[in-house]
Amino acid sequence: MTSKKVIAVFGATGAQGGSVARAILESEKFAVRALTRDVTRSNALVLRDLGAEVVKGDLNDEASVEAALKGAYGAFVVTSFWDRHGKEKEVCQGKLVADVAKRLGLQHVVYSGLENVKRLTGGKLEVGHFDGKGEVEEYFWSIGVPMTSVRMAAYFENFLTTWKPLKASDGDYYTLALPMGDIPMDGISVADIGAVISSIFNSPAEFVGKAVGLSAEALTIQQYADVLSKSLGKEVRDAKITPEAYEKLGFSGAEGLANMFRFYHMKPDRDVKLTHRLNPKVKSFNQFISENQGVLKGI
């Protein structure tokens with residue numbers, strides 16, 4: 001067995017956890033214990049081939065979390081609001097990891113957190129997928145776990161799926177319907193997060209006890225649209241939708257997402273300069289779209 005200190009990576013077959021596991025393996029400073037609910041998934045087998053110890057891990061099961069963290073130096077923890085669980089379940093998962101990490105004496109936990117918007121706005125805005133993570137952040141620190149919270153910007157990947165340009169009904173152009181007005185919105189590719197987390201694990205003295213906001217760059221919706229126009233060879237415009245109109249679009253979670261954009265209007269702390277220092281290869285939106293042009297070709 002390796003004599004390197006072990007970092008347990010939860011959700012190692014997902015987008016965030018996978019990026020983190022690969023980056024830590026690449027840096028060769030720590031050993032990786034990759035945790036996943038299904039050790040037979042192709043992503044799990046790839047990590048095993050790269051040198052990770054792949055272990056079954058379930059954030060809803062205390063014995064499983066205990067086994068996952070036993071003997072580990074640190075952990076990267078990502079909880080899921082969207083995975084049919086919701087806020088209460090997410091908070092339970094995060095607090096369970098915090099309790100076990102405290103009991104076993106882990107020296108550095110990096111948590112994929114976000115702001116507790118409900119608390120910060122005195123109850124005016126509720127953003128379920130932020131608020132639960134904010135509660136977990138607070139709990140980690142309150143019980144004295146050496147933890148760094150990383151708060152992600154919006155994923156560039158969203159522009160390939162839920163936020164992709166839509167054909168306008170009144171002409172030969174496309175629109176981006178994101179209610180930001182002229183306020184820049186921070187963004188980053190999830191694939192670039194791993195190298196940032198790896199750098200944070202390498203510098204515990206600088207980052208333990210802190211919240212770090214990550215962003216590759218901040219662009220207005222029209223600037224995002226301009227990049228897409230250039231790449232697609234089709235005109236893309238900011239739809240200039242308001243948060244109120246967005247809220248009324250009627251899809252599941254529309255109100256929470258409208259509130260997320262309202263919170264983005266308040267310019268939460270995302271540090272472009274620090275993100276580039278921690279991952280000098282972090283991609284701009286333009287680079288990201290150039291690399292993923294094929295995905296958008298069908299629109």
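Which residue in β4 is the bridge partner of Ala 8?

1. The bridge partner of Ala 8 in β4 is Ala 75. The model is predicted, so local features need pLDDT of at least 70 and side-chain atom pairs count only at pLDDT 80 or more, while totals for chains, interfaces and linings use all residues. Residues are numbered from 1 along each chain as its sequence is written, and side-chain values use heavy atoms, without hydrogens and water.

2. Strand β1 (residues 6-9) pairs with β4 in the parallel sense over three bridges. Strands are DSSP runs of E with at least two residues, helices are runs of H or I with at least four, both numbered from the N terminus, and two strands pair if DSSP finds at least two bridges between them. β4 also pairs with strand β5 (residues 108-113), in the parallel sense over four bridges; there, Val 110 is the bridge partner of Phe 76.

3. In β4 (residues 74-77), Gly 74 and Phe 76 point one way and Ala 75 and Val 77 the other, and all are buried (under 20% relative accessible area with a 1.4 Å probe, protein chains only; exposed is over 50%, partly exposed in between).

4. The structure holds 15 aromatic pairs (rings of Phe, Tyr and the six-membered ring of Trp with centres within 6.5 Å; planes under 30 degrees apart are stacked, over 60 edge-to-face, the rest tilted). Tyr 246 and Phe 251 form an edge-to-face pair, 5.7 Å centre to centre with 90° between the planes. Tyr 246 is buried at 5% relative accessibility, whereas Phe 251 is partly exposed at 35%.
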